[in-house]
Amino acid sequence: MLLDVERMKANVRQSETEDLLDRVTIFRDGMEDAALAYIDEELRRRDITRARIDAHEQMRRENLILMRDGFPARCGECFRPAVERVVDWHWVYGLIPLFRRSFYYCEKHQPPKA
């Protein structure tokens, strides 16, 4: 698969800083080198220091959920790293429970504790 450089650059410029920090730290292993270089450049342009990048990575890794393949789980509601796994029913049309499956959530989308 070829990397569409202009599309990637536009995506990086429009992304929130927190998303870029997640990409350059937690999701680094699954990314193209060219994309990582451009993200690093964008973070420098936004005056994000290496210390802040390292602190972000340390904070994220504290509660990170890894999948069997070793990659971090992503929230099912957004693209942030998941910090909670909930096993529940997968429903068809909201009426029929079909099978149990894992749902992953970031700290922003975690379901309320019962």
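**Close-up views of a predicted model**

View 1. Asp88 finds its bridge partner in β2, at Arg101. This and the other views come from a predicted model. Step back from the pair and you will see strand β1 (residues 84-92) running antiparallel to strand β2 (residues 96-105), with nine bridges joining them. The two strands make a hairpin that leaves three residues between them. Look for Tyr93 in that turn, where phi is positive, at about 55 degrees.

View 2. Helix α4 covers residues 50-61, and its 12 residues reach 17 Å from the first C-alpha to the last, close to the expected 16 Å. Ile53, His56 and Arg60 are the buried residues of α4. They lie on the same side of the helix because they cover an arc of only 60 degrees around its axis. Covering the buried residues of α4 are, among others, α2 (17-24) and α3 (33-45).

**View 3. The largest nonpolar core.** Twelve residues make up this core, including Met8, Val12, Tyr38, Leu43, Ile48 and Ile53. Helices α1 (5-14), α2 and α3 each supply at least two of its residues, and α3 gives the most, with five.

**View 4. The surroundings of Leu43.** Setting aside neighbours within four places in sequence, Leu43 is in contact with Thr17, Leu20, Leu21, Val24, Ile48 and Ile53.

Key
Residues are numbered from 1 along each chain as its sequence is written. This is a predicted model: local features need pLDDT of at least 70, side-chain atom pairs count only at pLDDT 80 or more; totals for chains, interfaces and linings use all residues. Side-chain values use heavy atoms; hydrogens and water are left out. Helices (H or I, at least four residues) and strands (E, at least two) are DSSP runs, numbered from the N terminus. The expected span of a helix is 1.5 Å times one less than its number of residues. Buried means under 20% relative accessible area, exposed over 50%, partly exposed in between (1.4 Å probe, protein chains only). The arc is that of the directions from the helix axis to the C-beta atoms. Contact means heavy atoms within 4.5 Å. A nonpolar core is a set of buried Ala, Val, Leu, Ile, Met, Phe, Trp, Tyr and Cys residues joined through side-chain atoms within 4.5 Å. Two strands pair if DSSP finds at least two bridges between them.
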